[in-house]
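Subject: Structure for you to look at

Hi,

Here is the structure I promised. Please have it open while you read; my notes follow below.

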Amino acid sequence: MNSTTGKADRLLQIYSRLVNGEILSKKEMADRFHITERSVQRDVEALRCYFQEEGLNQDVIHDRKAGGYRLQKEEKSLLNNGEILAVCKILLESRSMKREEMFPILEKLTSSCVPPKSRAAVDSLISNEKFITSNHITENPSSPVSGTSRRPYRITMSWRSSTSA
């Protein structure tokens, strides 16, 4: 077996173990593959480069507390906090559903699109919108959509011209 085949085999085995959630120590891998710890570092760096080049949302990190390398998947939000807030406001202001139907949808939206570290801030902003909107929602029993639509507010403004013709 030549060194290229050996390295490819090592990289696949390391990756496979990392995907399975194992934490791999440098010393254990060096002993297992009969290589130096520096070679293990180069293998891990090769995996990192591959993930970066392919645009994969994962990385191999060294976890000191756990005592080895582990695979970390990066969280990638499809929408930023402002966009999520805008979508939530549109849903809330549409008044197309009852509160009991709307709030679980908003919860699913934020839990699936907002990273945990930003969640409290986004939830706080949305709760303000929920409060404002839910205080202005009125029932529309004659709704064609199973009684769930809300009556829109009508604001009438009149302008008087102060100029004389």
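Which residues of helix 3 are buried? They are Ser 39, Val 40, Asp 43, Val 44, Leu 47 and Phe 51. These residues sit on the same side of helix 3, because they cover an arc of only 145° around the axis. The face turned away from that buried side carries the exposed residues Gln 52 and Glu 53. Bear in mind that this is a predicted model.

Next, the length of helix 3. The helix runs over residues 37–54, which is 18 residues. At 1.5 Å a residue, helix 3 should span 26 Å. Its end C-alpha atoms are 26 Å apart, so the two values agree. Just after helix 3 comes Gly 55, with a positive phi of about 70°.

Now the packing. Helix 2 covers residues 26–33. Its angle with helix 3 is about 105°, and the axes are 8 Å apart. Helix 2 is therefore roughly perpendicular to helix 3, since angles of 65 to 115 degrees count as such. On the helix 2 side, Lys 26, Lys 27, Met 29 and Ala 30 make the contact. Helix 3 contributes Glu 37, Val 40 and Gln 41. By class, the contact has 3 nonpolar, 1 polar and 3 charged residues.

Last, the loop between helix 2 and helix 3. His 34 lies there. His 34 has a positive phi of about 60°, although it is not a glycine. At 73% relative accessibility, His 34 counts as exposed, because the cut-off is over 50%.

Best wishes

Conventions
Residues are numbered from 1 along each chain as its sequence is written. This is a predicted model: local features need pLDDT of at least 70, side-chain atom pairs count only at pLDDT 80 or more; totals for chains, interfaces and linings use all residues. Side-chain values use heavy atoms; hydrogens and water are left out. Helices (H or I, at least four residues) and strands (E, at least two) are DSSP runs, numbered from the N terminus. The expected span of a helix is 1.5 Å times one less than its number of residues. Buried means under 20% relative accessible area, exposed over 50%, partly exposed in between (1.4 Å probe, protein chains only). The arc is that of the directions from the helix axis to the C-beta atoms. Axes are lines fitted to C-alpha atoms, for helices over the stretch in contact, and angles run from 0 to 180 degrees between N-to-C directions. Angles under 35 degrees count as roughly parallel, over 145 as roughly antiparallel, 65 to 115 as roughly perpendicular and the rest as oblique. Contact means heavy atoms within 4.5 Å. Ala, Val, Leu, Ile, Met, Phe, Trp, Tyr, Cys and Pro count as nonpolar, Asp, Glu, Lys and Arg as charged, and the others, Gly among them, as polar.
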